[in-house]
Amino acid sequence: MRDEAPTRMIWREDCSFSRKRRIELCPLRAGFWDSIRSGFLKNNNTQVVETPTTLLEDEEPLPQEIVLLERTQSDGIVEQIVFSSAGDVDLYDLQTLCDKVGWPRRPLSKVAASLKNSYLVATLHSITRLPDAEGTERKQLIGMARATSDHAFNATIWDVLVDPSYQGQGLGKALVEQLIRALLQRDIGNITLFADSKVVDFYKNLGFEADPEGIKGMFWFPRF
Amino acid sequence: MQIHTSSFSLPTSTPKPKPFRPIIASSFSISDQDLQSRGFTQHRSSTDLDLDALNTIFARVGFPRRDLTRIRRALDHSSSLLWLSHSKPGEPVAFARATGDGVFNAVVWDVVVDPSFQGIGLGRAVMERIVADLRGMGIVNIALYAEPRVIGFYRPLGFAADPDGIKGMVFSKKNIINRAS
C-alpha cells in the first residue's frame with residue numbers, strides 16, 4: 001500500500017473510554033514508553049502518553065483503543081491504524097488474515113474457543129473514513145496478537161500476525177508493545193513467548209531475552 | 001500440525017501430520033494403582049489444596065514465595081492441574097499446572113516435588129499425567145520453560161529444547177534500550 005508520508009503520527013489513548021474514536025487532546029508527557037520507539041515514529045511531533053499504572057486491588061483495567069497513526073491520502077481518504085485490547089475479532093476476518101500470511105487453516109470453532117480462552121486478544125484495524133457527508137467508515141483487521149495467562153503470574157504471547165501489505169511500517173512492534181503494556185498494567189510479571197529463529201531479533205528489540213539464565217523453551221514431541 | 005509459535009513469519013514447509021501417539025494409561029511409568037498402593041492420592045482440582053503448604057513447597061525448591069490471593073487466582077485460571085498428597089490431606093508432595101487456550105497451546109508451570117519425596121519418580125508421574133490430560137483436551141502443542149539442570153528430566157518425557165531453532169523468550173524491562181530518536 002503506497003501512500004504518501006503520514007501527515008501526522010500520533011500515539012495516544014482515547015481518554016474517554018468510549019467506542020467512538022473522536023480525537024481528544026489528552027495531556028501528553030513523555031514517560032516510560034518514551035524509550036521505546038516504533039520504527040515509524042521518527043519525527044519530533046510524536047508524543048507518548050504515559051499509562052496510569054495504579055489500579056485498585058482486583059480492578060481490571062478497561063480495554064483500550066489507541067490510534068497508532070493517522071494519515072490522509074491524496075484522494076482525501078483518512079486512514080487510522082487503531083490498536084485495541086478489547087478482542088473484537090470477526091472470525092472470518094481473522095481467517096482471511098491468516099490466509100494472507102500463509103498460515104494453515106484451523107477449524108473456526110477451535111479458533112473461536114482459543115480466542116475466548118485467551119486472557120488478552122489484541123487487534124490492529126485499519127479504519128478508513130471517506131470524505132463524504134456521512135463520513136462512511138470501513139474497518140479492516142490488519143493485525144492480531146493474543147496472550148494466554150493464569151491471570152496472576154505468567155502470560156504467553158501467541159499468534160502475532162500482521163497483514164503483509166502493512167508490514168515494514170513498525171506496526172508489528174507497536175502491536176506487541178501495546179500488548180506488553182496491557183499485560184504489565186494488569187500486573188502480569190512474567191511475559192513469555194516462543195519465537196521462530198527468524199524473529200528472535202525482532203523480539204529482542206522489544207525487550208525479550210532468549211534463554212534467560214540458560215532456561216530453555218521445550219516442546220512435547222515437536223514435529224521437527 | 002504446526003507448532004504454533006509467536007511468529008508472524010511465513011511457515012517455510014508444509015505441515016506434516018504428527019505421528020499418532022495413543023494415550024495409554026498403562027504406559028505411565030508408575031500406574032495409578034501403584035501410586036495408590038504407595039499411599040499417594042491424585043487431585044485434579046485445587047479445592048482441597050492447602051495454599052500455604054503449596055507456597056512452602058515452592059520455597060523449599062527455591063521458587064519465590066507468593067501472595068496467596070494471587071496463587072488462588074493462578075490456580076483458578078489454570079487449564080489443568082495435578083497434585084499428589086500423601087499422609088497429610090491437603091498438603092501437596094508433588095504439583096504441576098498448565099495454562100493455555102484449551103484447544104491449541106498449553107504451557108506447563110510450577111512443576112515441583114517436595115524434597116523429602118524426590119527421587120522416587122513422582123515428578124515423572126505428575127508430568128506424564130498432565131501431558132495426558134492436555135492431550136485428552138486435544139492439545140498437542142505443549143511447552144514449558146526448563147532450567148538447565150532439569151532439561152535432562154524433561155527429555156525422556158518427550159520434550160525437546162529449541163526444536164527447529166524456536167527459542168523460548170522472556171520479557172524484561174531492563175532490556176528496553178534507550179534509543180536516540
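Q: Which element supplies the largest share of the lining of the largest pocket?
A: First, the general idea. On a 1 Å grid over the protein atoms alone, a pocket is an open set of points where a 1.4 Å probe fits, with protein on both sides within 12 Å along at least five of seven lines. Lining residues have an atom within 4 Å of a point. Strands (E, at least two residues) and helices (H or I, at least four) are DSSP runs, numbered from the N terminus. Here, β4(B) gives the largest share, six residues.

Q: How should I treat the model and its numbering?
A: This is a predicted model, where local features need pLDDT of at least 70, side-chain atom pairs count only at pLDDT 80 or more, and totals for chains, interfaces and linings use all residues. Residues are numbered from 1 along each chain as its sequence is written, chains are lettered from A and ligands numbered from 1 in the order in which they are written, and side-chain values use heavy atoms, with hydrogens and water left out.

Q: Which other elements each supply at least two residues of that lining?
A: Both chains take part. Chain A gives β7 (190-195). Chain B gives α4 (122-136), β5 (141-146) and α5 (151-154), besides β4 (105-113).

Q: How much space lies in the largest pocket?
A: Grid points are joined across faces, edges and corners, and a volume is the space filled by probe spheres set on the points. For this pocket that is about 1,100 Å³. Its lining has 36 residues. B:Phe63, B:Asp110, B:Val111, B:Tyr145 and B:Glu147 lie nearest the centre.

Q: How do the lining residues divide into nonpolar, polar and charged?
A: Ala, Val, Leu, Ile, Met, Phe, Trp, Tyr, Cys and Pro count as nonpolar; Asp, Glu, Lys and Arg as charged; the others, Gly among them, as polar. The lining has 19 nonpolar, nine polar and eight charged residues.

Q: What is the phi of B:Asp110?
A: Most residues other than glycine have a negative phi. B:Asp110 has a positive phi of about 55° although it is not a glycine. This residue lies in strand β4 of chain B.

Q: Is B:Asp110 buried or exposed?
A: Buried means under 20% relative accessible area, exposed over 50%, partly exposed in between (1.4 Å probe, protein chains only). B:Asp110 has 11% relative accessibility, so it counts as buried.

Q: Where does B:Asp162 lie?
A: In the loop between β6 (159-161) and β7 (167-171) of chain B. B:Asp162 has a positive phi of about 45°, and it is not a glycine. B:Asp162 is buried, at 17% relative accessible area.

Q: Which residues touch the most other members of the largest nonpolar core?
A: In soluble globular proteins, nonpolar side chains tend to be buried together. A nonpolar core is a set of buried Ala, Val, Leu, Ile, Met, Phe, Trp, Tyr and Cys residues joined through side-chain atoms within 4.5 Å. The largest core has 39 residues, and A:Ile157, A:Leu183, A:Tyr203 and A:Phe208 touch the most other members. Helix α3 (residues 171-185) of chain A gives the most to this core, eight residues. Apart from it lies another core, of 30 residues, including B:Leu35 and B:Val108.

Q: How many helices and strands are there in chain A?
A: Four helices and nine strands. Chain B has five helices and seven strands. Of the 224 residues of chain A, 55% count as buried. For the 181 residues of chain B, the share is 50%.
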